[in-house]
Amino acid sequence: MKEAKYYTVKELAAKEKIPEIFDTGAHLIYSSPATLAYNSPGAQGFGVKRAGLTMPESVMLIVSPGCCGRNTSAISVNEQYKHRYFYYLLDETDIVTGRHLSKIPEAVKEIVDFLAVKPKVVMICITCVDALLGTDMERVCKQCEEVAKVKVRPCYMYALTREGRRPPMVHVRESIYSLLEKQKKDPRTVNLLGFFAPLDDDCELYRYLKDIGMHHIYELSRMTTYADFTKMSQANFNLILHPEARAAAENMRKALNIGSIELTRFYQVEYVHRQYQALAKALGVTIDDQADYEKTKAVIETMKSYQNVSIAIGETGNYDPLELALALVSYGFQVKEIYATLQDYQLRYLSALSSLSPATKVYCNNEPTMLYYDTESSIDLTIGKDAAYYHPKARHLDFNEDRQPYGYQAIQLLFSKMKEVLS
């Protein structure tokens, strides 16, 4: 009988490198209903196309065959993106000869001339076709700027590079922040880099930063005009909240002399506390998080009656699936299964997780043998939309809203929603 491949946490912890089933570049990709919502750079959530338009007062030209641009129509229904997408559809001759490259500047000029309200930036989104052609899109964008007299930046919707050094979601952040130009620094200003939606309004990080004297806390997603966006180059330092923003932050260090401190989203309350104290030490200030720390521990304590619940964790939510699994297991919950495409940085969680829950199974959503996954296994609660597909009879928690939970607020929100679903 054919079965879905998996490794237990104990088996993974004993290995020196990540097994091939978790490397989507090492095998065929199985696009199951569990993965269709997120495994394309242009799919649901903040894929390349939606991320590129996080830039205020921007529009996007999508240069692609019709099949690659089709799924954008679903995003265009949203009032925020209406009339901001334009298309240059490639035909067979374009793809074979690359003749479209000479026409893109003309297309950008036509868009700018057509719009009554002129955009400040045009993002050009190109697909795997131009990846295979080896298109120098930086040069094309410079030609567009000369012809259309507007700032132009590339967005690479290259599925082929997802496991490369500069995957699409890393590059789109680099493109956006490359628009910033050097300004005089404001010592009371900080940038939050990483997400394409803001943190939840009640996240304690805002309060802590204000308490230590940060008068301006800038996030790309809260900027309503391009002029507002340019103020981000005045920041004294950046806080990197997602690892995919590291490259953009490094470029800002070189070009704008803005240093960075990286923070991680944890669901382990002790780690949240230690990280805030480490941040305080790095900045030479005091962050009093004791009240939030105690409140969060009290919230965790109220969940003890649910510790017999068996849980499956997917990879489509606002969390790292291995870190969340480690947090829940450390609180006494039973995490039976995890679905994840493992990265090297996640290996640090395996050793601790192995000592607490060695039998937890780890699957790769995109691995072809998931076709044979047994959906009848006993799971009470799923976290993440992909996990919900595998266990249709369980209680489901998506936990994947645009606004981002963080710190103590993230833990409190998670348990509040878990209690709501399980009750």
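How many bridges join strand E8 (residues 237–240) to E9, and in which sense do the two run? Four bridges join them, and E8 and E9 run parallel. The model described here is predicted.

**The four-stranded sheet**

E8 and E9 belong to an open sheet of four strands, ordered E7-E6-E8-E9, with parallel pairing. Strand E7 (216–219) and strand E9 (259–262) are the edge strands, and each of them pairs on one side only. On average, neighbouring strands of this sheet are turned by 25° against each other, direction ignored. Strands of a sheet pair through backbone hydrogen bonds, in either a parallel or an antiparallel arrangement.

Strand E4 (residues 121–127) is largely enclosed by the rest of the structure, because seven of its seven residues are buried. In a regular strand the side chains alternate between the two faces of the sheet. Both faces of E4 are covered. Val121, Met123, Cys125 and Thr127 are buried on one side, and Val122, Ile124 and Ile126 are buried on the other.

E4 has parallel pairings with strand E2 and with strand E5. Strand E2 (residues 58–64) pairs with E4 in the parallel sense over six bridges; serine 58 has valine 121 of E4 as its bridge partner. Strand E5 (residues 151–157) is joined to E4 by seven bridges, and these two strands also run parallel. Here valine 122 stands opposite valine 152 in E5.

**Salt bridges**

A search of the whole structure finds 16 salt bridges.

| Glutamate 145 (26%, partly exposed) | Arginine 153 (18%, buried) | 3.0 Å |

Glutamate 244 lies in the loop between E8 and helix H12 (246–256), whereas arginine 173 lies in helix H9 (residues 168–177), so the pair ties together parts that are 71 residues apart in sequence.

Salt bridges that share partners join Asp201, Glu219, Arg222 and Arg403 into one network.

**Pocket and cavity**

The second largest pocket has a volume of about 270 Å³. It is lined by 19 residues, of which Thr54, Gln80, Tyr81, Phe196 and Ser221 are the closest to its centre. By class, its lining has ten nonpolar, four polar and five charged residues.

What is found in a search of the whole structure for cavities of 30 Å³ or more? There is one such cavity. The largest cavity has a volume of about 60 Å³. Its lining consists of Tyr177, Leu192, Leu193, Gly194, Phe195, Ala197, Glu219, Leu220, Ser221 and Leu241. Seven of these lining residues are nonpolar, two are polar and one is charged. Glu219 in this lining is also a member of the salt-bridge network with Asp201, Arg222 and Arg403. Ser221 lines the largest cavity and is listed among the residues closest to the centre of the second largest pocket.

**Glutamine 409**

Glutamine 409 is found in helix H18. Is this residue buried or exposed? Its relative accessibility is 6%, so glutamine 409 counts as buried. Between glutamine 409 and lysine 231 there are 28 Å in space, C-alpha to C-alpha, and the two are 178 residues apart in sequence.

Note on methods: Residues numbered from 1 in each chain as written. Predicted model: local features only at pLDDT ≥ 70, side-chain atom pairs only at ≥ 80, totals over all residues. Heavy atoms only, no water. Pairing = 2+ DSSP bridges. Axes fitted to C-alpha atoms, helices over the stretch in contact; angles between N-to-C directions. Salt bridge = Lys/Arg side-chain N within 4 Å of Asp/Glu carboxyl O. Buried < 20%, exposed > 50% of the residue type's maximum accessible area, 1.4 Å probe, protein only. 1 Å grid on protein atoms, 1.4 Å probe; cavity = no way out; pocket = protein on both sides within 12 Å on 5 of 7 lines; lining within 4 Å. Points joined across faces, edges and corners; volume = space filled by probe spheres on them. Nonpolar A, V, L, I, M, F, W, Y, C, P; charged D, E, K, R; others polar.
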